Amino acid sequence: FKEMQEDANVCPNGVTFVCTLKACGIVGCIDIGEVIDVEVRKQGLLQRDIMVGTALVDMYCKCGALEKAREVFSLLPAHDVVSWSALIAGYAQNGLGDEALTCFKQMKDSCVCPNSVTYVCILKACGIVRSLVIGEEICAEVRKQGLLEKDLMLGNALVDMYSKCGALNKAVDVFDELRVRDVVSWTSLIGGYTQYGHGQKGIECFTRMQQEGLHPNSITLICILKSCGSIREAK
């Protein structure tokens, strides 16, 4: 993008801005993101191109500048599920579960239907604030739409939400329904057992995971070490 700017004969367009804003979000480069924001406003693209506006919201969210993300969001002429999901994801990823849940309610009040990405983000928010009631409502909607069988990320998000809320039996029920289980599925369940003092069950899950040929990641290892420690303390 910098090399392109040095070429006087080439000017960025909306697609260029969307791609570069995505890059800014990946590496947390808010400085260049803000430069693009100024140019986008100067060209009037914020009012004309919802993809550019949504990319700006997403960039600010990924850089942790949530007030700026909300400001850009408020300036968009229309809000679709992608722009709402970007804002909800930003709040959830930065640990602001209540704010994410408020956005989710506002989205529904605006008659915008959530998609799988929205559900994953809001389930993360439910886990943060231990909102089992809303989490169960989303679980019912996910089952109704048949998404549990199609989307592993969504299934993992449900397991994780139930685990963080202490509803371990329900976490196991969803886990057992998953057609495919990856290291994230197992780690979410192990983490729930560890968090609520069921170290032995966490270790049993870890053993089963290894028997299925899956390798633990760093989060799995942290959880299982905590399980080992809790069993040691109990003795």
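You are looking at a predicted model, in which local features need pLDDT of at least 70, side-chain atom pairs count only at pLDDT 80 or more, and totals for chains, interfaces and linings use all residues. Residues are numbered from 1 along each chain as its sequence is written, and side-chain values use heavy atoms, with hydrogens and water left out.

**Stop 1: α11 against α12**

Colour residues 152-164 for α11 and residues 168-177 for α12. Their axes are 7 Å apart, and the packing angle is about 165°. Axes here are lines fitted to C-alpha atoms, for helices over the stretch in contact, and angles run from 0 to 180 degrees between N-to-C directions. The crossing of α11 and α12 is left-handed. That term applies if the near helix is turned anticlockwise from the far one by less than a right angle; clockwise makes a crossing right-handed.

Now show side chains. On α11, the contact uses Gly-155, Leu-158, Val-159, Tyr-162 and Ser-163. On α12, pick Leu-168, Lys-170, Ala-171, Val-174 and Phe-175. Contact means heavy atoms within 4.5 Å. By class, the α11 and α12 contact has seven nonpolar, two polar and one charged residues. Ala, Val, Leu, Ile, Met, Phe, Trp, Tyr, Cys and Pro count as nonpolar; Asp, Glu, Lys and Arg count as charged; the others, Gly among them, count as polar.

**Stop 2: α11 against α13**

From α11, select Leu-152, Asn-156, Val-159, Asp-160, Ser-163 and Lys-164. From α13, select Val-184, Ser-185, Ser-188, Leu-189, Gly-192 and Gln-195. The contact of α11 with α13 has four nonpolar, six polar and two charged residues.

**Stop 3: the nonpolar core**

Which residues have the most contacts inside the largest nonpolar core? Select Val-57 and Leu-158. This core has 68 residues. A nonpolar core is a set of buried Ala, Val, Leu, Ile, Met, Phe, Trp, Tyr and Cys residues joined through side-chain atoms within 4.5 Å. Helix α7, residues 81-93, gives the most to the core, with eight residues.

Centre on Leu-158. Leaving aside neighbours within four places in sequence, Leu-158 is in contact with Leu-123, Gly-135, Cys-139, Val-142, Leu-148 and Val-174.

**Stop 4**

Is Leu-101 buried or exposed? Leu-101 is buried, with a relative accessible area of 13%. Buried means under 20% relative accessible area, exposed over 50%, and partly exposed in between, with a 1.4 Å probe and protein chains only. Not counting residues up to four places away in sequence, Leu-101 touches Ile-122, Ala-125, Cys-126, Val-129, Ser-131 and Ile-134. Draw a line from Leu-101 to Ala-125: they are 24 residues apart in sequence and 6.7 Å apart in space, C-alpha to C-alpha.

Next, select Ser-131, in the loop between α9 (116-129) and α10 (132-144). Ser-131 counts as buried, at 16% relative accessibility. Ser-131 touches Leu-101, Cys-126 and Cys-165, with residues up to four places away in sequence not counted.

**Stop 5: two positive phi angles**

Arg-130 is in the loop between α9 and α10 too. Phi of Arg-130 is near 60°, a positive value in a residue other than glycine. Arg-130 counts as partly exposed, at 41% relative accessibility.

Move to Cys-111, in the loop between α8 and α9. Cys-111 has a positive phi of about 65°, although it is not a glycine. Cys-111 is exposed, with a relative accessible area of 71%.

**Last stop: the whole protein**

Zoom out. The secondary structure comes to 15 helices and zero strands. Helices (H or I, at least four residues) and strands (E, at least two) are DSSP runs, numbered from the N terminus. The C-alpha atoms fill a box of roughly 70 × 40 × 30 Å, taken along the principal axes. Of the 235 residues in the protein, 43% are buried.
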